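The following exercises concern a single structure, shown below. Each task is followed by a worked solution.

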Amino acid sequence: MPLLQDLQAQLNELDEQHLLRQRRTVDQVRGAHYKTDGQNLLGFCSNDYLGLATHPAVVQALQEGAAKYGAGSGASHLISGHSRAHAALEEQLAAWMSPCIDQARALYFCTGYMANLAVITALSGKDAAVFSEELNHASIIDAVRLSRAETSIFRHGDLTQLEQQLQACTRHKKLVVTDSVFSMDGNIADIPALLRLCEQYDAWLVVDDAHGFGVLGEHGRGVLEHFSLRSPNLIYMGTLGKAAGVGGAFVAAHETVIEWLIQKARPYIYTTAAAPALAHALQTSIALISGDEGQQRRQHLRQLIRMFSNGLNLRDWTLLSSQTAIQPVVIGENAAMLQAADTLRKQGYWVGAIRPPTVPVGTARLRVTLTAAHQIADVHMLVQAMNRMNQMAYIAQCFAEVA
Ligand SMILES: *Cc1c(COP(=O)(O)O)cnc(C)c1O
């Protein structure tokens with residue numbers, strides 16, 4: 001069949017460019033330790049930044065939630081799928097985020113991808129203008145396309161360009177969208193400066209804090225707390241499958257914004273509500289994040305981040321400058337990066353292998369993510385292994401040049 005042949009030819013092409021992705025099946029997880037395909041691996045590629053995904057209290061709450069509400073919600077939120085667990089979680093999140101947002105209300109979504117689609121499409125439309133940072137997550141890119149708004153992409157961190165775009169814009173409805181922590185680079189956006197521009201030009205600022213929520217800020221409220229920000233222009237999106245260790249996402253904003261999303265956001269309205277048990281477990285997870293245990297876990301994580309970035313000693317490869325748990329080592333070519341990831345895996349370390357189109361061509365990277373579930377010794381061993389491997393690659397290359 002020609003249609004199948006066509007697909008197969010394209011798959012073969014991906015394979016030749018070392019761009020064919022493979023899934024690894026996990027049989028068991030505890031903290032950062034994975035059993036996968038008969039091998040035990042120490043994982044450095046999860047976004048479970050605080051180690052809450054396997055926390056006994058969170059797991060127990062999930063079981064309790066299932067016993068109370070069943071395995072699934074059975075319907076969308078606006079029909080009969082909105083449970084007491086969803087409502088209580090939203091109230092807890094709104095109260096907790098209230099230092100950063102006036103008259104805060106929160107809305108729980110099945111995933112962060114859907115939350116971005118919901119916010120960006122519902123608050124824009126054909127008559128609106130959307131300004132999107134160049135390195136934004138794929139879900140934001142898709143949301144902007146779906147919005148049918150007039151779209152401007154501003155270069156990474158280039159607020160001068162954004163200001164020019166805002167100045168030139170004649171549309172009344174304006175939406176600036178940015179990741180807080182860039183997911184493949186680990187650096188933090190200048191949210192205070194972005195917010196000043198949005199206030200000046202009367203635009204919404206949508207902040208996707210997927211990698212900041214739970215981790216940044218003294219109490220783990222994320223990037224808004226990290227920068228001590230509060231503004232009616234802010235619309236905050238935090239995901240709950242990363243640091244919160246469970247799944248889903250939430251939007252926190254002024255109550256009027258949230259009411260608008262409930263009425264108009266199609267990715268909220270036309271989907272079955274997430275299992276109430278998840279919302280039940282998340283309440284335990286948020287309590288841990290906001291309490292002493294969360295604080296201790298964040299402190300431990302910060303120590304590991306410093307250890308890792310100070311310990312690496314690389315030639316040719318580049319550790320990107322990042323203060324967050326995302327520590328990318330850029331190698332360049334896909335094949336060389338895959339070989340490095342493979343060498344680490346043979347030694348028992350599992351690191352993220354990131355290739356185009358997720359990152360620009362020629363910047364394939366090992367994306368190391370650290371979590372509070374790691375021990376100091378774990379990070380020390382990984383640093384040694386990476387330094388050793390880099391040294392060998394460098395020597396091999398020198399020999400190749402001489403020969
Ligand atoms: C993970 C991620 C999302 C998507 O969240 P999910 O809950 O996994 O769908 C959105 N934005 C960014 C920046 C992310 O890293």
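A residue is called buried if its relative accessible area is under 20%, exposed if over 50%, and partly exposed in between, with a 1.4 Å probe and protein chains only. Helices (H or I, at least four residues) and strands (E, at least two) are DSSP runs numbered from the N terminus. The model is predicted: local features need pLDDT of at least 70, side-chain atom pairs count only at pLDDT 80 or more, and totals for chains, interfaces and linings use all residues. Residues are numbered from 1 along each chain as its sequence is written, and side-chain values use heavy atoms, leaving out hydrogens and water.

**Exercise 1.** Determine how many residues of strand E13 are buried, and which strands pair with E13.

Solution. Step 1: E13 spans residues 349-354, and five of its six residues are buried. Step 2: two strands pair if DSSP finds at least two bridges between them. Strand E3 (residues 39-44) pairs with E13 in the parallel sense over three bridges; leucine 42 has tyrosine 349 of E13 as its bridge partner. Step 3: E14 also pairs with E13, over three bridges but in the antiparallel sense, and glycine 352 stands opposite arginine 367 in E14.

**Exercise 2.** Describe the surroundings of the ligand.

Solution. The ligand is surrounded by 14 residues, the closest being Gly112, Tyr113, Asp208, His211 and Lys242. Step 2: helix H5 (residues 112-122) supplies the largest share of this shell, three residues. A polar side-chain atom of aspartate 208 lies 2.5 Å from a ligand nitrogen, and one of histidine 211 lies 2.6 Å from a ligand oxygen.

**Exercise 3.** Locate glutamine 375 and list what it touches.

Solution. Step 1: glutamine 375 lies in the loop between strand E14 (364-369) and helix H15 (376-402). Step 2: with contact meaning heavy atoms within 4.5 Å, glutamine 375 touches His300 and Leu304, not counting residues up to four places away in sequence.

How values were computed. Near = heavy atom within 4 Å. Polar contact = N/O pair within 3.5 Å; in protein donor to acceptor, adjacent residues only side chain to side chain.
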